[in-house]
Amino acid sequence: MDSEVRNRETRARAEDALVRFALLAGEHARDYVVIGGLNPDFLATSAPVPHQGTTDIDLLFALGLDNVTDSSDFSWVDTALEAGGFTSTNGWRWDATLGNARVRLEFLCDVWDHTGDTVPLPGSDRAQASKIAGPAAALHAPVERELTVSAAVRADTPEVPATVTLRFANLGGYLLAKAAAAQSRMLPKDKYDLMYVALYNDGGPRGAARAVARQLAATEDSSDPAEIRLVMERYLDPKGVWAGVFASTMIRTGDPTPEDQLRVDGAEGARSFLDELDSASS
């Protein structure tokens, strides 16, 4: 699954995995925030072509923070994973079969007073969260979104509601979390995702910068403004790698715009973002 190509079909399967886990979690479906590849469809509503998609779901748990969940007992996770047939070899990446397709959940946290690469979920005998730097800002003021329970999920669990409501990262939180991922992993998908949402949210790059500034002001103890500035600066050269990855991925997903123009769009978007972030932060 790590090498699986992202597309709209894999995105649909990933959303089904999230909905399935949410149904199994019940009232505890509010104990995490969705920060991964499902977010661009909700945030970048002005995009000329649909987002590339995703192959997995990233769930951010608030460990040591009491502003997202009042309880530190995650024993419910074991019950949900077992009931859903999820299996794992490392405790934080969980796979299952939905219909005839494989689906994946990844548990993440941003806790840097812990020395290991993973953090056990308190109360759970099986689950851990992979420790990564930077996404904690996404825990602040998440957006509630209603997802439809698909026919594929209903086929496995017929006695379920028509929809589930889950907490997703808001625009500023998503961009900060994605910038952290882009900086640490240097994966092409992160370079594309970040600029896609920065450019094509309803407010464009300046609206994205204002959302980031608000999130930074509210989470100054857990976020680093220098990181997203550094990442956005990497797009400023339209002939550079980062603008190129954005452009080539847009073309692969169906955008008919010439590559040179898409490179310029990314570079100009990054400049507008940085200018507005400077203004909003001053």
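Start with K191. K191 is buried, yet has no salt bridge. Buried here means under 20% relative accessible area, exposed over 50%, partly exposed in between, with a 1.4 Å probe and protein chains only. A salt bridge needs a side-chain nitrogen of Lys or Arg within 4 Å of a carboxyl oxygen of Asp or Glu. The nearest side chain of opposite charge is D190, 7.2 Å away. For charge, Lys and Arg count as positive, Asp and Glu as negative; His and the chain ends are not counted.

Two sentences on the source. This is a predicted model: local features need pLDDT of at least 70, side-chain atom pairs count only at pLDDT 80 or more, and totals for chains, interfaces and linings use all residues. Numbering runs from 1 along each chain as its sequence is written, and side-chain values use heavy atoms, with hydrogens and water left out.

Back to the lysine. K191 sits in helix α6, residues 188–200. Helices (H or I, at least four residues) and strands (E, at least two) are DSSP runs, numbered from the N terminus. What does K191 touch? Leaving out residues up to four places away in sequence, K191 touches M186, Y235, W242 and V245. Contact means heavy atoms within 4.5 Å. The charged end of K191 sits over the ring of W242, 4.8 Å from its centre. The criterion: NZ of Lys or CZ of Arg within 6 Å of the ring centre and within 35 degrees of the ring normal.

Next, aromatics. The whole structure holds 14 aromatic pairs. Rings of Phe, Tyr and Trp (its six-membered ring) pair if their centres lie within 6.5 Å; planes under 30 degrees apart are stacked, over 60 edge-to-face, the rest tilted. Take F61 and F74. Their ring centres are 5.4 Å apart and their planes at 80°, so the pair is edge-to-face. F61 is in strand β2 and F74 in the loop between β2 and α3, so this pair ties together parts 13 residues apart in sequence. F61 is buried, at 1% relative accessibility. F74 is buried too, with a relative accessible area of 1%.

Y196 and Y200 also pair edge-to-face: 5.4 Å centre to centre, 80° between the planes. Both lie in helix α6, four residues apart, about one turn of the helix. Y196 is buried at 2%, and Y200 at 11%.

There is also a cluster. F21, Y32, F61, F74, W76, F86 and F107 form one aromatic cluster. W76 leads us to helix α3, residues 75–83, where W76, V77, D78, A80 and L81 are buried. What do the buried residues of α3 pack against? They pack against α1 (8–25), β1 (32–34), β2 (57–61), β3 (93–98) and β4 (101–109). After α3 comes G85, with a positive phi near 70°.

Now the strands. Two strands pair if DSSP finds at least two bridges between them. β4 and β6 (residues 128–131) run parallel, joined by two bridges. C109 has K131 of β6 as its bridge partner. β5 (residues 118–120) pairs with β6 in the antiparallel sense, over three bridges. There, P120 partners Q128 of β6.

Last stop: A141. A141 is not a glycine, but its phi is positive, about 50°. Most residues other than glycine have a negative phi. A141 lies in the loop between β6 and β7 (143–148). Its relative accessible area is 41%, so A141 is partly exposed.
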